[in-house]
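This report describes the fold of one protein and then examines two of its residues. Please consult the sequence and the structure shown here while reading.

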Amino acid sequence: MFALVFLMVIGTSIWVYFDAKSLGIEKGQPTKNDMGAGGWCACCLLLWIVAFPLYLVTRNKRQSVSDIATRKCPYCAEMIRAEATVCRYCHKDLLPAASARRAI
Ligand SMILES: [Zn+2]
């Protein structure tokens with residue numbers, strides 16, 4: 001039984017390492033639970049029951065963030081949602097991305 005748990009922890013930690021690498025999770029990024037691939041792997045090895053679910057949550061958050069279509073605000077050059085009609089940084093009115101493309 002212990003060997004099975006041990007193998008599962010080792011296996012998932014290795015998966016976490018390569019998954020974090022492939023997603024480009026690195027130290028110093030502005031996300032809340034911020035560790036590099038090696039950091040996540042080490043945390044999973046030491047404190048699997050906490051670190052592994054935490055990694056999955058962080059991973060899903062990252063994926064949902066990168067799924068959202070964004071564009072650059074023409075006034076302040078900040079990245080905003082593609083369907084935004086008002087810039088959340090400079091509060092200027094914008095054309096939605098689809099109608100802006102139609103106007104050209
Ligand atoms: Zn703006």
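Read along its sequence, the protein follows the pattern α-α-α-β-β-α. The model is a predicted one. Of the 104 residues of the protein, 10% count as buried. Among contacts between residues at least 6 apart in sequence, 28% join residues at least 24 apart.

Thr 12 belongs to helix 1, which covers residues 2–23. This residue counts as partly exposed because 19 C-beta neighbours lie inside 10 Å, whereas a residue is buried if 20 or more other C-beta atoms lie within that distance. When neighbours within four places in sequence are left aside, Thr 12 is in contact with Cys 44 and Phe 52.

Ala 84 is located in the loop between strand 2 (79–81) and helix 4 (97–103). Ala 84 is also partly exposed, because 15 other C-beta atoms are found within 10 Å.

Each of these two residues can be paired with a residue elsewhere in the chain, as the table shows.

| Residue pair | Separation in sequence | C-alpha to C-alpha distance |
|---|---|---|
| Thr 12 and Phe 52 | 40 residues | 7.9 Å |
| Ala 84 and Thr 70 | 14 residues | 9.0 Å |

Definitions and conventions: Residues are numbered from 1 along each chain as its sequence is written. This is a predicted model: local features need pLDDT of at least 70, side-chain atom pairs count only at pLDDT 80 or more; totals for chains, interfaces and linings use all residues. Helices (H or I, at least four residues) and strands (E, at least two) are DSSP runs, numbered from the N terminus. A residue is buried if 20 or more other C-beta atoms lie within 10 Å of its own, exposed if 12 or fewer, and partly exposed in between; C-beta atoms are placed from the backbone. Two residues are in contact if their C-beta atoms, placed from the backbone, lie within 7 Å.
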